[in-house]
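Hi everyone, thanks for coming. Let me put the model up, and then we can walk through a few of its contacts together.

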Amino acid sequence: MVPLSWYLGLSALLFTIGAMGVFIKRNTITIFLCIELMLNGVNLTLVALSGFFGDVSGQLFVFMVIAVAAAEAAVGLAIIISIFRNRESLNVDDADTLKL
Amino acid sequence: MEKALFIIIAVIAVAAALNVLIQRNPLYSALSLIGTMAALSVLYVMLRAQFIAAVQIVVYAGAILVLFIFVIMLLNAPKQQLQIDKQKGLRYLAIPLAGLLLAEAFYVVWRVQDIAMPVVKEGEEAVGTTWSVGVALFTHYLLPFQVAGVLLLMALIGAVVLARREGDK
Amino acid sequence: MDQPGITNYIPILIIFALAVVFATAMIAMSRFMGRNRPTREKLAPYECGVEPVGTARERQSVKFYLVAILFLLFDVEVVFLLPWAVVFRKVLTSPEYQHLKFVFYGGMMVFLFLLVVGLIYEWRKGILDWNR
Amino acid sequence: MTTDQLLEWTIKIGVIFFILLTTVAYLSYVERRVAGWIQLRVGPNRVGPFGLLQPLADGLKFIFKEDIIPREASKWLYLIAPAAAIIPALMSFIVIPFGSSVTLFGREITLHVTRFDVALLYILGVGSVGVYGVMLAGWSSNNKYSLLGGLRSSAQMISYELSLGASIVGVLLVAGSLDLVTIVEAQGATSGYWLGFIPKWNIFLQPIGFIIFFLSAMAETNRVPFDLPEAEAELVAGYFTEYSSMKFAMFFMSEYFHLITVTSMATTLYFGGWNGPFIAEYPFLSLVYFVLKVFIFIFIFMWIRFTMPRFRYDQLMALGWKVLLPASILNLIVTATVILFVN
């Protein structure tokens, strides 16, 4: 049996890698990918706790997180596309005026 | 046996996640993230969350990342041109912050009490099957489910409004 | 993995390993078995015998992106339909859930209504017309 | 899990793998013979009796052809793309039930590799991952035909995946399980007959769902009349224009694997899978029935290929989004309402 702490440790590691990426990377799309990575790290925690406690709630949360991630990716990438159309750049620093 | 499998999968997941950071081309980063998604889906199966594991593959690997790669391919952005980095400081902040986050997380993990997974009796619907998720979705989680429907509709409208050119009506 | 249902997933790992080995072997075979005498013309992009013009790495129509975005959102909605479809008939027959019969039916009809509203919106906005 | 069980899985997977490869090789031969027959030509008949050794000759020729990597291609992605196409195509077969169980060497052997709770969702997931091979091949070749073919093909595949998934929901409403073995058993003789002789196959409950499924499956596998991505007249060979040698063969094979997958799914979901008369007495017949049904479907696919003209791209997208998707949602609502009042 794999102990619960291993799963939690792995999920913390994945979350940290994602958070680091948000700081280090300058490309908007990569930052977005790192946010997905952070979401997945948290999802692992929820599923692990759900499995170990025998309660389905954690998995329902993950289901909702996945739906939110899909909505977020759709709208986020639409924003990135319209910024790219006006600025010809994917750098986050060029998108600092709160308008398209 | 099970621990060995966990370690292999965990190494794949972390390596793929690190590769997302290392690659300069966002296309390679996105492809690398597929590896993490697939590895996590294996872990979900090991945690008996069978339905969520399949949804992870269908939605994350099969739809969300497809959309990412589509956008990267369609934009064909020029190679990152030289420019003055406005927030270079953030980069050096990342390492200590990551260290802090990890230390905090592992302090919690270290304090976690190890419990055994509950044993499912023969003939009883296990947690994590399609049946258990479906029933929970319409009993305890009916409101979040409907809100998710509204959210998806809003995302649909928002994305179309944002992505269409101003010119075409 | 002590639960009986979970071990049944192991063949996925077996076939994945087998498929990876098979694919690698085939790529390696084409690399090393065939002859290899590259010339400049042979390695140029194929454009029906005419000298290649420009590069293929250009920005493409936003239509493709809109299709992908619609696919993503509707795909999530289809995934939400699956667990409902699986439980629906058993719920109707089992006495335990008899009082929730119309919750299962009505809840999904509201969800489907939202889905159809989204589809009609796209339709009216002309997103589904490829020609425009 | 015991070593015994592991061995059984490995042997089954190995056998199925071998049979599939042979079948795919011979499908290319059968397809050309059918084409010849429909168009009053001969088809391949030189290599061996009736040209039966043609697939072998083709295979050898593929191996010894020159392998070209175009100058401006992204080398790694160009190499990975055929693998990304063929690996998902191979993976879906482990959950398809080819027959009931037979007794062999004194032990009972089920004619499917494995069964689990989310088998159908697994097939859908693996199928949706298959789109990467097409996208990467089109993009990495750095060829205009490839790129346009890849984009068109992936847009088509994802569009029709939706109506495919939504049409399957109708079957799920009737069957109440994602496990393919359960779905097949529910259509078997044990659940009785209507009017005493009509078997309880889902096709009789879901005729509209089946038509949607059939059209979407045809578009999913990029077959005529939905073969826009490789419309020879305009796009050369579509996303694999630049590929040669074994890598070309891999794309070719993965298309045939997809063809077998969707026809097996049509058989399993709508036509009772391995069910048929006398399977209780002679279990081996179940395998025969399954293969027979699958081959009838494959023949229909080929027949359509050589008789129908091609769609225009805007017609193709309109069919998927404006006809099949709304129809499948409507089918779903009607099915659910009927079940609510009949049960």
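In chain B, the C-alpha centres of domain 1 and domain 2 lie 15 Å apart. Domain 1 covers 1-77, and domain 2 covers 89-119 + 126-169, with bounds from an automatic or database domain assignment. Before I go on: this is a predicted model, where local features need pLDDT of at least 70, side-chain atom pairs count only at pLDDT 80 or more, and totals for chains, interfaces and linings use all residues. Residues are numbered from 1 along each chain as its sequence is written, chains are lettered from A and ligands numbered from 1 in the order in which they are written, and side-chain values use heavy atoms, leaving out hydrogens and water.

Back to chain B: six residues of domain 1 and seven of domain 2 make the contact (heavy atoms within 4.5 Å). The two domains bury about 550 Å² between them, 60% of it on carbon and sulfur atoms; that is accessible area, with a 1.4 Å probe, lost on putting two parts together, summed over both. On the domain 1 side, B:Arg48, B:Gln50 and B:Phe51 supply 80% of the buried area, more than any other three residues. Salt bridges between these domains number zero (a side-chain nitrogen of Lys or Arg within 4 Å of a carboxyl oxygen of Asp or Glu).

Now, chains C and A. Here 11 residues of chain C contact 14 residues of chain A. The buried area is about 940 Å², with carbon and sulfur atoms giving 79%. Between chain C and chain A, too, the salt bridge count is zero.
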